[in-house]
Structure formats: C-alpha cells, structure tokens
Amino acid sequence: MMIISPAKQRRETIASPPPVTLPDELITEVLSFLKVKSLMRLKCVSKSWNSFISDPFFVKLHLNNSSRNQNMILFPATFVSTCRISLHNSFIILRNLLENPSVNLVSKDFKLMFMGWRCHIIGTCNGLTCFVNSPDEVNSPHETEFYLWNPSMRWLSQKLASFLHSHQDLNSLFKFSFGYDNLTDKYKMVAFRPNEVRVLTLNDNVWRNIQSFPTYPYEYLRDHENAGVYLIYSLNWFALRDIHPYYHYRYTDLSVQQFVIISLDLGVETYMQFRFSRGFDQVPVVAPIVFHLRECLCFSHYSVECNYVIWQMKKFGVEESWTKLLKFDYQNILDSDSYRVVNLLPLHLFENGDMLILARDLKQLICYNLKEKRVVKQAAATNSICLRWLTVSQYVESLLKVSSSNDLLV
C-alpha cells in the first residue's frame, strides 16, 4: 500500500480547488447590464445561453437597466436610402466637444437601405424606432406603411401595418405617432388630423376611431414635425386652445392662456391638457417646442428679450412642478447681430443635471453648464445638417424585436 505524506496531500488539495458555481440570479443580474453587442456574442456560446438571453423576462430586465443610459439618434425630418441616421453616445459627444474645436455628428457605419423609399420617423420607445413611408412616394399613393427598427441590433422589421387613405383623405393627410401601452403590453400607432383620431394596436391590425383632440396639435410651418413626444406611456403635443387648424389667425394676437400641451394616455386612450408654467407670462417670438430630457417633459421658447428658455415638468402631469431649467441670452452665441432668433435644439441632459448639450442651426454644438449658468464650450459640428432638416430622439439599447402580431422575436 502506497503511503502519501501529509505535505503532498496538502499540495494536491491546494492545486485542485473545488469548482465555483454562481447563482443563476447573480448571472442574470450581471448580464443584464451588458451592451447588446456583447450579449449577441454570448448567445453563440451555447444553446442554453442563447435561450437564456432570448427569454422575454431577460429582455425586459435588460431594457429596464439600459434605460438609465440614454443615447442620441439624429435623423433628417424626411430621408431616403442615401441619407445616414446617426447614433451617438452622449458621453463621447461631450468629451469630443470639450476637447476639440469641431465634432463630427454623422455616423460612419449606420446607413439603412429602404429601396429608394421616402421615409420619416414618427417615434421611438423601448429601443425601437418607428418609420413610415410618405404616401406619395410608393406604388400606391393611398397607403402608408409602418416599420420598426432596432438600431442596437441593426434589425429592421418587415411591414408591420399599413394605413389606407381615401381620396378625401388626400386633401387633409393624416399624421402619425407611435408609442407603448403598458396596460396591455402592446405597441400602438396613432393616426390623426383635425376632428379625427384613429388608433391601431399592433396585433389587432384594425384602425379604431377614438375621441378626437380637445384642441388640435399646433401646425408648425417648418422646422418641426410635431408628431408627438412619447413619454411615460403617453403621447404629448404642443397645441393652441380656441384655434381651429383651418382658420387663419395672427400669431401676435395670441395670449399665453392659449398655450397648452395635449397628452394622450395610450392605455385608457383619453386626453389631458397641461397648462404652461406660470412663469411663462408672455407670448414668445416663435412657437415653443415640446420635447423630453431625462424622462421629464420639457418645452423651450424664445422671449422678446432675446432669451432662450427651457422649462421642465419635474413630475409628469403636475402643472405645479414646472421648473425653469435654463435661461440665457442667445445673442451671446450669435455670429451676427442680424439674427433675431437662433434655432437651438436640446440634444442631451446628463444624469447629474450639470451639463446640457445643444445644437444650433449654423452647424454648431454648445455645452451649457446648468449650475454655473453659462456656455462652457462651442464647437463646429462638421458634416451635419441645418436644424430645420434635423430631428433628435433619445434612444436606449434594447434586445426587442416585435412582429406584426406584437410577439417578441428572438
């Protein structure tokens, strides 16, 4: 019989430690914070990993975690297959803005091919971007088609739905919006025009008539589409009370009491009206723009004193929570005194609330420090497009892919 010394036994024990097994809950939590690109690689490790990462529970957990890290998507108001859609990490943009005299705003690797269609984006939510084609640019001039795109996964859906316009509709075309209904866990398309609103739930494929707007969304003459801002399971539009969209009126005859935000709850499909802040006490020189920053509803306007102002609704739906986020004299960033208004577009508000990135129409980026209340840096935005052609949305990384039946694709 071979006798093994105690010292050798100790060495063998040290050399062969027992395997460590991590709890499934910990693995799930760690993976849910990874980038989509990394998760796509991990799906190739094994069938079990592929199944795990594709599980709807994990997809929603990952979306919840990635929602904390918002990025920017820049796109033209209307585009064809020759146009690029730019995706940007906000922290990289800020670093480049602070370190360089110019910043490239055009992505080099994102170019969607739409077979020559003329398209525009009607909304983004949960990492999904919804496209529609222009009805006069396809074989059937009376049909609008809807598609979803997940930029993180570089996935583009097949046609998910369509809207048929009658000959009478062509005289007053419908506009469209897109959002998510948390009550039914479904995605919805909204078609609207004066005195008529229809809703399609993605798996129903039936356009239902709902109550029309209490006051119709403002018809911008240019620069801004007003397709609706998706936020907290609702769509929100700037509107003017007591103004019929077909009647002519003079902007200078308006009062501040007429400025409101119309909000459509996608779950119960009813409307609310939010008044502007009490500090909004004079009619601005041009119509305000409604948008959202860091999950807060906002609007911006230009005062007659040449100030650019942003108001933020800290608690959604509570008018008393309006807070003045930013105010500065926009003449300080003009290249010439001949300009009356400089077109400014808020791009991103950082989580700590210190820095705001804005773009201006003459191809320029601006970094504004909210605590110090001053413009920190201005830089040329190379290879960009004037703001009257450009739109911005916040997007988050997501593993979502949705079919026409509203099923999660994996």
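**Close-up views of a predicted model**

Buried residues make up 51% of the 410 residues in the protein. The model is predicted. It has six helices and 25 strands. The accessible surface comes to about 21,000 Å². Carbon and sulfur atoms hold 52% of that surface. Among contacts with a separation of 6 or more, 51% are between residues 24 or more positions apart.

**View 1. Strand S14 pairs with S13 and with S15.** Strand S13 (residues 229-231) joins S14 through three bridges, and the two run antiparallel. Leu231 has Ser234 as its bridge partner in S14. S13 and S14 form a hairpin with two residues between them. Ile232 sits in the turn and has a positive phi of about 50 degrees. Strand S15 (residues 259-265) is also antiparallel to S14, with seven bridges between them. Here Phe238 has Ile261 in S15 as its bridge partner.

**View 2. Four strands make an open antiparallel sheet.** The order is S17-S18-S19-S20. Strand S17 (289-293) and strand S20 (322-329) are the edges, each pairing on one side only. Neighbouring strands are turned by 25 degrees against each other on average, direction ignored. Within the sheet, six bridges link strand S18 (residues 296-302) to strand S19 (residues 307-313). Phe299 stands opposite Trp311 in S19.

**View 3. Strand S8 has one covered face and one uncovered face.** S8 spans residues 161-164. Ala161 and Phe163 form the covered face. Ser162 and Leu164 form the uncovered one. Strand S6 (residues 143-150) pairs with S8 in the antiparallel sense over four bridges. Thr144 of this pairing stands opposite Phe163 in S8.

**View 4. A salt bridge joins Asp185 and Lys60.** The whole structure holds 11 salt bridges. In this one, the N to O distance between the side chains is 2.9 Å. The pair links distant parts of the chain, 125 residues apart. Asp185 lies in the loop between strand S9 (175-181) and strand S10 (186-193). Lys60 lies in helix H5 (residues 56-66). Asp185 is partly exposed, with a relative accessible area of 33%. Lys60 is partly exposed too, at 46%.

**View 5. A salt bridge joins the buried residues Lys188 and Glu269.** Their closest N and O atoms are 2.8 Å apart. Lys188 lies in strand S10, and Glu269 in the loop between S15 and strand S16 (270-275), so the pair ties together parts that are 81 residues apart in sequence. Both residues are buried. Salt bridges with shared partners join Asp181, Lys188, Arg208 and Glu269 into one network.

**View 6. Arg193 and Glu196 form a salt bridge.** The closest N and O atoms are 2.9 Å apart. Arg193 is buried, and Glu196 is buried as well.

**View 7. Leu22, Leu26 and Val30 make a nonpolar surface patch.** The patch covers about 270 Å². Val30 belongs to helix H2 (residues 24-31).

Note on methods. Residues are numbered from 1 along each chain as its sequence is written. This is a predicted model: local features need pLDDT of at least 70, side-chain atom pairs count only at pLDDT 80 or more; totals for chains, interfaces and linings use all residues. Side-chain values use heavy atoms; hydrogens and water are left out. Patches are made of residues with over 30% relative accessible area and no salt bridge: like charges are joined within 9 Å, nonpolar side chains (Val, Leu, Ile, Met, Phe, Trp, Tyr) within 5 Å. Accessible areas come from the Shrake-Rupley method with a 1.4 Å probe; for residues, only the protein chains shown count as cover. A salt bridge is a side-chain nitrogen of Lys or Arg within 4 Å of a carboxyl oxygen of Asp or Glu. Two strands pair if DSSP finds at least two bridges between them. Axes are lines fitted to C-alpha atoms, for helices over the stretch in contact, and angles run from 0 to 180 degrees between N-to-C directions. Buried means under 20% relative accessible area, exposed over 50%, partly exposed in between (1.4 Å probe, protein chains only). Contact means heavy atoms within 4.5 Å.
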